[in-house]
Amino acid sequence: MATVLVDAENVRRSVWPNIGRAELEERCREWGRRHGHDVIVVWESAETADDRIAADVRRLAPPIWVVTSDRELRARVADRVERIIGGGSFARELPEA
């Protein structure tokens with residue numbers, strides 16, 4: 001089982017129509033249940049989602065996956081994660097609400 005860190009805004013805006021915040025949370029939880037992974041949906045807050053994800057990657061035990069299409073974030077975490085999934089690809093894998 002992996003811990004999957006989801007760059008929330010990146011994923012929800014990667015498809016049209018955009019996925020609502022609450023809907024994204026629920027669909028990610030369901031995806032995690034179906035695939036046997038712990039999913040952490042990361043939103044912008046006092047710190048950027050990118051900074052939070054990069055810090056979590058350093059703090060959490062492997063295996064860790066990151067879901068984002070952000071090139072800079074991908075470069076920041078690439079050497080510490082098992083898998084990086086594009087935001088749009090992940091959004092299309094999510095179960096319907």
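Modeller: Thr-68 is buried, because its relative accessible area is 0%, which is under the 20% cut-off. Please note that the model is predicted.

Biologist: Where is Thr-68 placed?

Modeller: Thr-68 lies in the loop between β3 (64-67) and α4 (71-77).

Biologist: And which side chain joins that of Thr-68 in a polar contact?

Modeller: The side chain of Asp-7 does, at 2.8 Å. Leaving aside residues up to four places away in sequence, Thr-68 also touches others, including Asn-10, Leu-73, Arg-74 and Ile-84.

Biologist: Asp-7 belongs to β1. Is β1 covered on one face or on both faces?

Modeller: Both faces are covered: Thr-3, Leu-5 and Asp-7 are buried on one side, and Val-4 and Val-6 on the other.

Biologist: How many bridges join β1 to β2 and to β3?

Modeller: Five bridges join β1 to β2 (residues 38-42), and four join β1 to β3. Both pairings run parallel. Thr-3 has Asp-38 as its bridge partner in β2, while Val-6 has Val-67 in β3.

Biologist: Turning to the largest nonpolar core, which residues have the most contacts inside it?

Modeller: Val-6, Leu-24 and Phe-90 do, in a core of 18 residues. At least two residues each come from β1, α1 (8-12), α2 (21-35), β3 and α5 (87-93), and α2 gives the most, with three.

Biologist: What lies apart from this core?

Modeller: Another core of 11 residues, among them Leu-5, Val-42, Ala-54 and Val-81.

Methods. Residues numbered from 1 in each chain as written. Predicted model: local features only at pLDDT ≥ 70, side-chain atom pairs only at ≥ 80, totals over all residues. Heavy atoms only, no water. Buried < 20%, exposed > 50% of the residue type's maximum accessible area, 1.4 Å probe, protein only. Polar contact = N/O pair within 3.5 Å; in protein donor to acceptor, adjacent residues only side chain to side chain. Contact = heavy atoms within 4.5 Å. Core = buried A, V, L, I, M, F, W, Y, C linked by side-chain atoms within 4.5 Å. Pairing = 2+ DSSP bridges.
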